[in-house]
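Subject: Structure handover, with notes on the salt bridges

Hi,

Here's the structure I promised to pass on. Could you have a look at it alongside my notes?

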Amino acid sequence: MEKTNRKKMKIPFFIKKSTYFDYPCLFIVIFLCAVGVLMVYSISSANALYNYGNSGHFAKRQMIFAGFGSVVMIIVSKINYKYYYKLARVAMAVSMLLVALVPFIGSEVNGSKRWIDLGFISFQPSEICKVGLVIYTAYICSRYPADLKNLKTTALLFIIPIAAVGIIAASNLSTAIICAGIVVVIWAVATPKIIYLFIVGGIGSVGGFIFILTQKYRMGRIKAWLHPDLKDDGYQTMQSLYAIGSGGLFGKGLGQGYQKLGNIPEAHNDMIFAAICEELGIIGAAIIIFAFLVLIWRLKLIAEGAPDRFSALIAVGIIAHISLQAIVNISVVTNVIPNTGVPLPFISYGGTSMVFLLAEMGIALGVSRYIVPISKREDKGVVRAK
């Protein structure tokens, strides 16, 4: 495999000085996190009061997650992104090890074994793996650009990401779909051979169909998606649609939703968008969707202004992660696609997802510190393709 020429250079760990920082991107992330804390409190207060004797139980935890994640984001934003290039293989190796350990030492929550519990803290390795895949896929696509012209060498390059997705798919198909999407989007932007996308897309579609057929409960979800009113498995979807429909244009008002009171199980998690529609209406839901669009636009500007191929592809990977996860979550809630458990970025309750999403945003903001006009860009000699 051909490598791009690289010059040896001293890379400072922390960025000491920068002429640019994407404050609009930072502010939109803070806005989404604040909305998440507010809606988690509004939607979970009754459940938290009944089960924990404290209506703010989940909201306080979400605030802690968001606060800690924000500190991580600011620290990460000051780290020179070139270090991720050096540590890409280590990041992927650690991610692979953690997801591989889940079937053996993972703890079961709500019937699914997706967590590793260390006693003082529990986390989902798949969320760590998303970050690892972003960095590693950007690394191989920037280090070996010439090899992307050949399908065989491309396949060899992507053995590790494919293996990681396969391991995750064994216990968490929805997260595996997001991970696969991250890899494919980065590769699609980097590859000079568009025909390969159609080949891989066809193979992936056939493989996904076979994978669905191997588990009876997955076929059950397909049937429930097609006829949610006739299947017990479609109960959550029907309640979600009731919530969306009853909210109308302006909603019932903050804290006034009904479906959250047991009709939608754990409405503050994956189905939080339905409860938002009920309480804030179409207008509130549209504002949140618009905020995601603005965030993706700002990340696109970071990718376009990135100083080299590696940093640009990292930004592309983060765009893929956030946009795919938001699209899948909202599509599930509105029954556009079969029901699958994917949280709404920055808004759904959850510590691991929140912290690592904010860490990813820190990486993107770190790249934004290096934005320069196209006319003034120079090859830094680290990862840029010749």
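Below are the overall picture and then the salt bridges.

First, the ground rules. This is a predicted model, so please bear in mind that local features need pLDDT of at least 70 and side-chain atom pairs count only at pLDDT 80 or more, while totals for chains, interfaces and linings use all residues. Residues are numbered from 1 along each chain as its sequence is written, and side-chain values use heavy atoms, with hydrogens and water left out.

The overall picture: the protein has 13 helices and three strands (DSSP runs numbered from the N terminus, with H or I for at least four residues making a helix and E for at least two making a strand). The exposed surface comes to about 18,400 Å², with 67% of it supplied by carbon and sulfur atoms (Shrake-Rupley method, 1.4 Å probe; for residues, only the protein chains shown count as cover). As for contacts (heavy atoms within 4.5 Å), take those between residues at least 6 apart in sequence: 76% of them join residues at least 24 apart.

Now the charged pairs. Searching the whole structure turns up four salt bridges, meaning a side-chain nitrogen of Lys or Arg within 4 Å of a carboxyl oxygen of Asp or Glu. Here are some of them:

- Glutamate 127 and lysine 130 pair up with an N to O distance of 3.2 Å. They sit three residues apart in helix α4 (residues 125-143), so about one helical turn separates them. Glutamate 127 is buried at 4% relative accessible area, and lysine 130 is buried too, at 1%.

- Lysine 252 bridges to glutamate 278, with 3.0 Å between the closest N and O atoms. This pair links distant parts of the chain, 26 residues apart: lysine 252 is in the loop between α10 (235-247) and α11 (272-305), and glutamate 278 is in helix α11. Lysine 252 is partly exposed at 38% relative accessibility, whereas glutamate 278 is buried at 1%.

- Lysine 300 and glutamate 304 have their closest N and O atoms 2.5 Å apart. Both belong to helix α11, and being four residues apart puts about one helical turn between them. Lysine 300 is partly exposed at 41% relative accessibility, and glutamate 304 is also partly exposed, at 41%.

Cheers

Definitions and conventions
Buried means under 20% relative accessible area, exposed over 50%, partly exposed in between (1.4 Å probe, protein chains only).
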